[in-house]
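Try each task before you read its solution.

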Amino acid sequence: MIIQTKYFGEIEVTEEEKIYFPEPLPGFENQFNYVIIQFYEDSDSLLCLQSVDDPDLALVLTNPTYVVEKYSPSIGKEDMAALQAGDSTPLAYYAISVIHDNWKDSTINLRCPVVINPDKMLGRQVIMEDTLYSMRHPVDCELAKEA
């Protein structure tokens, strides 16, 4: 299928690439289907979570391990159940990013990661309550150099 995107124009995606969010992302209550698009070929440092149905809805994601090498979010049983994931299911974690022209002003949300179960192509934004991770963690210079 062909979709219109905010940053990449028209692109072709397959049904297998679609990620379904049974509970929509906060603030986007009518959007359930997304695809992840790389901004830079062969790099998962900056990604785009693009709505399949709304070309203007595109969130910039960051692989949080580029910023916090030992990032280890803790998600609860309810979140695991929503993702149809067991204890040994490999999950992908992404941080929603606010990118500014001046990289020093950019931040990522480590407290509320977008979690994807790639086996089921299910997604969910997890809100961690008891954590030291910040919602506005500064972007490390290493990420800026990579991008």
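Helices (H or I, at least four residues) and strands (E, at least two) are DSSP runs, numbered from the N terminus. This is a predicted model, where local features need pLDDT of at least 70 and side-chain atom pairs count only at pLDDT 80 or more, while totals for chains, interfaces and linings use all residues. Residues are numbered from 1 along each chain as its sequence is written, and side-chain values use heavy atoms, with hydrogens and water left out.

**Exercise 1.** Find the strand that holds Val98, then say which residues Val98 touches.

Step 1: look at strand E7 (residues 92-98), where Val98 sits.
Step 2: skip residues up to four places away in sequence, and Val98 touches Ser106 and Thr107 (contact means heavy atoms within 4.5 Å).

**Exercise 2.** Work out which residues join Arg124 in one network of salt bridges.

Step 1: start with Glu23, whose side chain meets that of Arg124 at 3.0 Å, N to O. Glu23 lies in the loop between strands E3 and E4 and Arg124 in strand E9, so this pair ties together parts 101 residues apart in sequence.
Step 2: go on to Glu78, which forms a salt bridge with Arg124 at 3.6 Å; Glu78 is in helix H1 (residues 77-82).

Technical notes. Salt bridge = Lys/Arg side-chain N within 4 Å of Asp/Glu carboxyl O.
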